[in-house]
Amino acid sequence: MQGKIIKGIAGFYYIYVIGSGIYECRAKGIFRKEKKKPLVGDDVCIEILDEEKQLGNLTEILPRKNELVRPAVANVDQVLIVLAAEDPKPNLALLDRLLLTMEIQELPVKICINKEDLISAESLKILTDMYTRCGYSVTAVSAFTKEGIKPLLPLLEGYTTVIAGPSGVGKSSITNLLQNEVVMETGEISHKLGGGRHTTRHAQLIRINENTFLCDTPGFSSFLTENIEKEELKNYFIEFRPYEGECRFQGCAHVHEPGCRIKQALEEGSISKNRYKNYLMLYEELKEKKRY
Ligand code: GDP
Ligand code: ZN
């Protein structure tokens with residue numbers, strides 16, 4: 001039988017099989033020998049040991065499409081970056097860094113602006129436009145009023161989506177609204193319980209429907225920027241792509257060079273000043289790093 005690992009705890013894997021539910025499985029010894037560790041998100045084959053108690057053995061890991069390190073999840077189709085329109089204020093430098101991380105990993109990314117109830121329609125439009133103009137899909141929602149939550153579903157349908165973003169932006173609230181089985185703690189509840197949340201939580205998939213899964217991760221903090229050269233940075237700012245080859249100098253870094261098409265686009269307002277500022281910041285960072 002075939003299923004998907006949605007959770008792994010202390011040597012047990014919880015495997016969702018369409019139409020049959022969740023089986024508790026152990027991985028057979030062969031994986032240890034092969035040094036192959038099953039990951040949440042893996043599509044696997046299992047043999048049933050006890051149908052009534054839903055126990056089984058994990059016998060085979062099917063080929064992975066991809067594999068993220070932090071969070072440790074396999075077969076990720078896309079990332080939904082959540083930010084808040086307000087409270088906490090959008091940290092666009094962080095957003096651009098997250099976008100860069102996803103571009104480096106070639107992960108399709110969508111942006112979700114939550115807490116739209118806290119800002120004016122005008123401010124929301126400015127924020128949304130900044131990223132839709134780059135070519136990103138941006139959806140505004142409010143987990144509080146539930147505005148925009150239903151339209152979010154088709155963007156996730158059929159995919160395994162990792163949800164990323166700073167804490168407090170509403171990731172758990174949105175996830176709670178989207179799913180109907182697992183009830184996750186939102187900040188409010190856990191404050192009442194007095195417990196520290198997001199401390200030792202492992203990656204886990206939350207099932208929205210038969211083929212739609214979410215992975216809400218505490219602090220998607222591993223940035224892969226250290227793996228790239230400053231010269232490569234420009235390739236990951238997707239709004240620069242239409243201007244490729246149009247600068248006076250081949251290999252233009254779009255920093256100080258004369259006849260730079262990106263700088264012209266910036267003057268014309270086709271490229272966001274804020275995005276460009278963050279490009280320069282990341283460029284400087286990569287330049288500094290090389291001195292060591
Ligand atoms: P997470 O850390 O990203 O998972 O954020 P939570 O889902 O725990 O939400 C953090 C806080 O923001 C909680 O107090 C929520 O009630 C609140 N919150 C979440 N979504 C909204 C929203 O759309 N509007 C408003 N006003 N508050 C929200
Ligand atoms: Zn240039």
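First, the ground rules. This is a predicted model, in which local features need pLDDT of at least 70 and side-chain atom pairs count only at pLDDT 80 or more, while totals for chains, interfaces and linings use all residues. Residues are numbered from 1 along each chain as its sequence is written, chains are lettered from A and ligands numbered from 1 in the order in which they are written, and side-chain values use heavy atoms, with hydrogens and water left out.

Now the whole chain. The protein chain has eight helices and 13 strands. Helices (H or I, at least four residues) and strands (E, at least two) are DSSP runs, numbered from the N terminus. Of the 292 residues in the protein chain, 47% are buried. Buried means under 20% relative accessible area, exposed means over 50%, and partly exposed is in between, with a 1.4 Å probe and protein chains only. The accessible surface of the chain comes to about 15300 Å², and carbon and sulfur atoms hold 52% of that. These areas come from the Shrake-Rupley method with a 1.4 Å probe; for residues, only the protein chains shown count as cover. Among contacts in the chain with a separation of 6 or more, 65% are between residues 24 or more positions apart. A contact means heavy atoms within 4.5 Å.

Next, the core. In soluble globular proteins, nonpolar side chains tend to be buried together. A nonpolar core here is a set of buried Ala, Val, Leu, Ile, Met, Phe, Trp, Tyr and Cys residues joined through side-chain atoms within 4.5 Å. Which residues have the most contacts inside the largest nonpolar core? They are Ile 15, Leu 58 and Tyr 131, in a core of 46 residues. This core lies between domain 1 (2-64) and domain 2 (68-216), because both give residues to it. The domain bounds come from an automatic or database domain assignment. Leaving aside neighbours within four places in sequence, Ile 15 has contacts that include Ile 5, Ile 22, Val 44, Ile 46 and Leu 58. There is also a second, separate core of 22 residues, which includes Leu 100, Cys 252, Cys 260 and Leu 286.

On to the ligand. Ligand 1 is surrounded by 18 residues, and the closest are Asp 117, Gly 168, Lys 171, Ser 172 and Ser 173. To be counted, a residue needs a heavy atom within 4 Å of the ligand. Which helix gives the most to this shell? It is α5, with three residues. Both α5 (171-178) and α6 (187-193) supply at least two residues each.

The side chain of Ser 172 has an N or O atom 2.5 Å from an oxygen atom of ligand 1. For a polar side-chain atom of Ser 173, the distance to a ligand oxygen atom is 2.6 Å. Gly 170 uses a backbone N or O atom, 3.0 Å from an oxygen atom of the ligand. On its own, ligand 1 has 590 Å² of accessible area, and the protein covers 83% of it.

Asp 96 sits in helix α2 and is buried, at 0% relative accessible area. Beyond residues up to four places away in sequence, Asp 96 touches Tyr 131, Asn 274, Arg 275 and Asn 278.

Thr 217 is in the loop between β13 (212-216) and α7 (261-268). It is buried at 3%, and its contacts include Val 162 and Lys 171. The C-alpha atoms of Thr 217 and Val 162 are 7.3 Å apart, although the two are 55 residues apart along the chain.

Lys 234 is also in the loop between β13 and α7. Is Lys 234 buried or exposed? At 18% relative accessibility, Lys 234 counts as buried. Its side chain reaches the backbone oxygen of Cys 252 at 3.1 Å.

Last, the backbone. The peptide bond from Asp 87 to Pro 88 is cis, with omega near 0 degrees. Ala 10 is not a glycine, yet has a positive phi of about 45 degrees, and this residue is exposed at 69%.

Terms used
Polar contact = N/O pair within 3.5 Å; in protein donor to acceptor, adjacent residues only side chain to side chain.
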